[in-house]
Amino acid sequence: LQNNTLGYARFLQNDLIGGVHGTWDDHDYGGNDRGSELKDREARRDAYLNFLGVLKENKRYQRQGVYSSVEFGDDVHSMQYDSTNTQGRSNNKVKVIFLDTRWHREKHCIPSVGSNLYIPFGAIISCVTRWLTAGLNLPSWRVCPTDSQVLGDEQWIWLEKQLKDSTASMHIVVSSIQILTTNPVVESWGHFPKERERFLRLLNDVNGLVLLSGDVHHAEISVSSHEQRDGGVFVNDGSLVEVTSSGLTHSCDGPKLYGPLCRPILNKFPGHRFKGGNVADTNAQSYFESRNFGSIDIDWSSRSFEVKIHNESGDVVLATGLLGMDESSRMSDGELDEIRGSIDGHFLPLIKGVVPYCIVVLLITFIFYFARKRSNEAKSHDKQE
């Protein structure tokens, strides 16, 4: 496949060192918004791994999903690692972990119709049903489970071991769907609250961490906390940081129906967004609607790195600022509990405010209806006499 894709073969041969590594999202997997219900997952996995050039004897062909990890760099400055001393990880090594958020992912509270060919505008309808789920906080009504899976047991065990045994100075965790977003319209970990909580707690003490995501057809920088620790220099000191880049071929500012809706929706849900990441205007929100790609600049001498988002021309439009290899979020249980998600019941105050007025209007309507009915019956009776 890659050899027949215009431009991709040349990129592999001339520009890319170390091969291609990655994970899939819904359209690579086989259908918009699809998860564990999709048929022929093994055949899809094998085709995807073949596309990446993974050799047939690799054990990844035996896994339930396409999750994997890869390390870059070396241990030229490494010391015996002590989990109580992050300085023990003073090496030039980067660990990249690719998650599979499709293979085991169970259905949304209101199952998505995004891939149903017989329902017009299925993708838009699915956005609306996710918004309703979040705005009405349907899981709290027990109309759907709160413990639906994203990763599955096998992948959880693998991920926990990958992080526990790592001696890398820098960690990049790749999730195809967003993690920290408060936007309920899009697919995200936020629609699976228990899985998200478990994920955030697992990541809390990981040093030199940045989260990468895609899926949403725009770019943005998200943080778990807007409060930097006293004297902190690095953005990831006391906060998880996520950079979303999506995508090279599609963007949400197009002429289709969702194009005019993109910016208003992004502006409606800014709570997760990093402040100061917009290169053109640090007071503007840290998102970018057009086609984009990301890059990471690493400075081993200062043990720091920075993630950037570029436009089609290669110009930097968003940037995280410096992230420290020896820093982690280190949030307390209370701080972790305060991280906002997308399911927050934001429609409920409006409904509670409107319902009394609706009841009054209905009562007045019924009173007028029955009064008029009685009046008409009386007039009819008088005419008969």
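Q: Which residue forms a salt bridge with Arg263, and where does that partner lie?
A: In this predicted model, the side chains of Arg263 and Glu289 meet in a salt bridge with an N to O distance of 2.4 Å; a salt bridge is a side-chain nitrogen of Lys or Arg within 4 Å of a carboxyl oxygen of Asp or Glu. The pair links distant parts of the chain, 26 residues apart, with Arg263 in helix 7. Helices (H or I, at least four residues) and strands (E, at least two) are DSSP runs numbered from the N terminus. The partner, in the loop between strand 7 and strand 8 (293-299), is Glu289.

Q: On what basis are residues numbered and values computed?
A: Residues are numbered from 1 along each chain as its sequence is written, and side-chain values use heavy atoms, with hydrogens and water left out. As this is a predicted model, local features need pLDDT of at least 70, totals for chains, interfaces and linings use all residues, and side-chain atom pairs count only at pLDDT 80 or more.

Q: Is Glu289 buried or exposed?
A: Buried means under 20% relative accessible area, exposed over 50%, and partly exposed in between (1.4 Å probe, protein chains only). Arg263, with a relative accessible area of 45%, is partly exposed. Glu289 has a relative accessibility of 12% and therefore counts as buried.

Q: Which residue is joined to Arg273 by a salt bridge?
A: Arg273 lies in the loop between helix 7 (259-268) and strand 7 (287-288), and its partner lies 53 residues apart from it in strand 5 (residues 219-223). The N to O distance is 2.7 Å, and the partner is Glu220.

Q: How many salt bridges does the model contain?
A: Another of these pairs is Lys308 with Asp297, at 2.8 Å from N to O; Lys308 is in strand 9 (residues 304-310) and Asp297 in strand 8. Salt bridges that share partners also join Asp25, Asp26, Arg102, Arg105 and Glu187 into one network. The count of salt bridges comes to 21.

Q: How many bridges join strand 8 to strand 9?
A: Two strands pair if DSSP finds at least two bridges between them. Strand 8 and strand 9 form a hairpin with four residues between them, and Arg303 in the turn has a positive phi of about 50°. One of the pairings sets Gly294 against Ile309 in strand 9. The two strands run antiparallel, and the number of bridges that join them is seven.

Q: Which residue in strand 10 is the bridge partner of Ile309?
A: Strand 9 pairs with strand 10 (residues 316-319) in the antiparallel sense over three bridges. Five residues lie between the strands of this hairpin, where Gly314 takes a positive phi near 95°. The bridge partner of Ile309 in strand 10 is Leu318.

Q: Which residue in strand 11 is the bridge partner of Phe305?
A: Strand 9 is mostly covered, with five of its seven residues buried. Two bridges join strand 9 to strand 11 (residues 323-324), and these strands run antiparallel. The partner of Phe305 in strand 11 is Leu323.

Q: Which helix gives the largest share of the lining of the second largest pocket?
A: On a 1 Å grid over the protein atoms alone, a pocket is an open set of points where a 1.4 Å probe fits, with protein on both sides within 12 Å along at least five of seven lines; lining residues have an atom within 4 Å of a point. Of the 18 lining residues, the closest to the centre of the second largest pocket are Pro193, Lys194, Arg196, Glu197 and Ile339. The elements that give two or more residues to this lining are helix 6 (193-203) and helix 8 (333-337). The largest share, six residues, comes from helix 6.

Q: What is the omega of the cis peptide bond between Ser246 and Gly247?
A: Most peptide bonds are trans. Gly247 is found in the loop between strand 6 (241-244) and helix 7. The cis bond that joins Ser246 and Gly247 has an omega of about -5°.

Q: What is the phi of Asp40?
A: Asp40 lies in the loop between helix 2 (26-29) and helix 3 (41-52), and at 55% relative accessibility Asp40 counts as exposed. Although Asp40 is not a glycine, its phi is positive, at about 60°.
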